[in-house]
Amino acid sequence: MTPTGVIIRTTLWIIAMGALLFVPAGTLAWPGAWVFLAEMWVLGVAVGLWLLRYDPALLKERTGSFVQRDQPQVDKLLVVSLIGLYIFWFALMGLDRRYGLSSVPAWLQALGAIGAFLSVYLGYLTFRANSFASPVVKIQTERAHSVITTGPYAYVRHPMYAGSLFHFTGLPLLLGSWWGLAVLPVFIGLFAIRIGIEEKTLRTALKGYDDYAARVRYRVIPLIW
């Protein structure tokens with residue numbers, strides 16, 4: 001992939017998310033949505049260009065299919081379910097905007113923007129530490145997959161999911177949607193199931209993961225879980 005390819009791919013992704021928000025909303029007059037899309041475009045391009053320069057193998061992995069041959073069947077089903085829920089979630093927040101069902105204070109919307117930024121930043125820290133951070137559950141034997149213990153992995157075993165919590169909390173606040181925030185427990189439940197699938201795969205097939213898990217006790221949130 002080239003730098004132009006990174007920018008085009010990110011732009012197309014932003015356009016798709018914008019459509020999922022603005023079409024149900026029935027209006028383009030939605031400041032929170034524009035802030036979110038602009039924020040994600042800038043951060044997405046920045047992280048994509050960083051990966052292109054420093055870890056093109058990970059960039060290739062991250063931009064691959066969300067359903068792959070070596071992936072456990074249950075994870076394939078779960079990923080498809082998460083994608084469907086994500087699309088529904090965006091549409092729900094758009095409908096919330098259309099019918100004026102929520103009223104979120106400006107200061108909470110500002111906190112939501114910070115949460116959206118933190119989700120991407122934690123993702124960047126994860127990518128910097130872990131070149132095997134695939135979007136699917138699998139052991140990358142062709143890339144000499146090994147246990148990562150540095151960066152955010154020194155504190156939790158699944159920092160990408162920790163970043164996701166900021167995304168799924170911050171975005172509905174930024175968009176001013178209490179209904180969007182109400183879906184958070186469903187995402188958390190599905191992610192908890194997926195973490196269980198991932199842990200089982202890693203403990204079974206990745207040498208040294210059991211020892212690492214014994215040292216780093218918490219999966220997503222330090223001192224909690």
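Colleague: What makes two rings an aromatic pair, and how many such pairs does the count come to?

Modeller: Rings of Phe, Tyr and Trp (its six-membered ring) are paired if their centres lie within 6.5 Å. By that rule there are 18 aromatic pairs. One of them joins W50 and Y124, with 5.2 Å from centre to centre and 80 degrees between the planes. W50 sits in helix α2 (residues 31–54) and Y124 in helix α5 (residues 106–129), 74 residues apart, and the pair therefore links distant parts of the chain. A word on the ground rules: this is a predicted model, where local features need pLDDT of at least 70, side-chain atom pairs count only at pLDDT 80 or more, and totals for chains, interfaces and linings use all residues. Residues are numbered from 1 along each chain as its sequence is written, and side-chain values use heavy atoms, with hydrogens and water left out.

Colleague: Why is the pair of W50 and Y124 called edge-to-face?

Modeller: Planes under 30 degrees apart count as stacked, over 60 as edge-to-face and the rest as tilted. With 80 degrees between the planes, W50 and Y124 are edge-to-face because that angle is over 60. There is a cluster to look for as well: ring pairs link F36, Y86, W89, F90, Y161, F168, F187 and F191.

Colleague: Are W50 and Y124 buried or exposed?

Modeller: Both are buried. Buried means under 20% relative accessible area, exposed over 50%, and partly exposed in between (1.4 Å probe, protein chains only).

Colleague: How do you know that D75 is buried?

Modeller: Set the value against the cut-off: D75 has a relative accessible area of 0%, and is therefore buried, under 20%. D75 is in helix α4 (residues 73–99). Leaving aside residues up to four places away in sequence, D75 touches V136, V137, R194 and I197, where contact means heavy atoms within 4.5 Å. D75 and V136 are 61 residues apart in sequence and 7.6 Å apart in space, C-alpha to C-alpha.

Colleague: What makes V220 buried and L223 exposed?

Modeller: V220 has a relative accessible area of 7%, which means buried. L223 counts as exposed because its relative accessibility is 73%, over 50%. V220 lies in the segment after α9, and L223 is in the segment after α9 (209–215) too. Among the residues that V220 touches are V156, H158, Y161 and W225.

Colleague: Why are α2 and α5 given the description they have for their directions?

Modeller: Two packed helices are described by the angle between their axes and the distance between the axes. Axes are lines fitted to C-alpha atoms, for helices over the stretch in contact, and angles run from 0 to 180 degrees between N-to-C directions. Angles under 35 degrees count as roughly parallel, over 145 as roughly antiparallel, 65 to 115 as roughly perpendicular and the rest as oblique. α2 and α5 pack at an angle of about 5 degrees, with their axes 11 Å apart. They are therefore roughly parallel to each other. The residues making the contact include L43, V47 and W50 of α2 and F117, V120 and Y124 of α5. That contact divides into 11 nonpolar, no polar and two charged residues. Here Ala, Val, Leu, Ile, Met, Phe, Trp, Tyr, Cys and Pro count as nonpolar, Asp, Glu, Lys and Arg as charged, and the others, Gly among them, as polar.

How values were computed: Helices (H or I, at least four residues) and strands (E, at least two) are DSSP runs, numbered from the N terminus.
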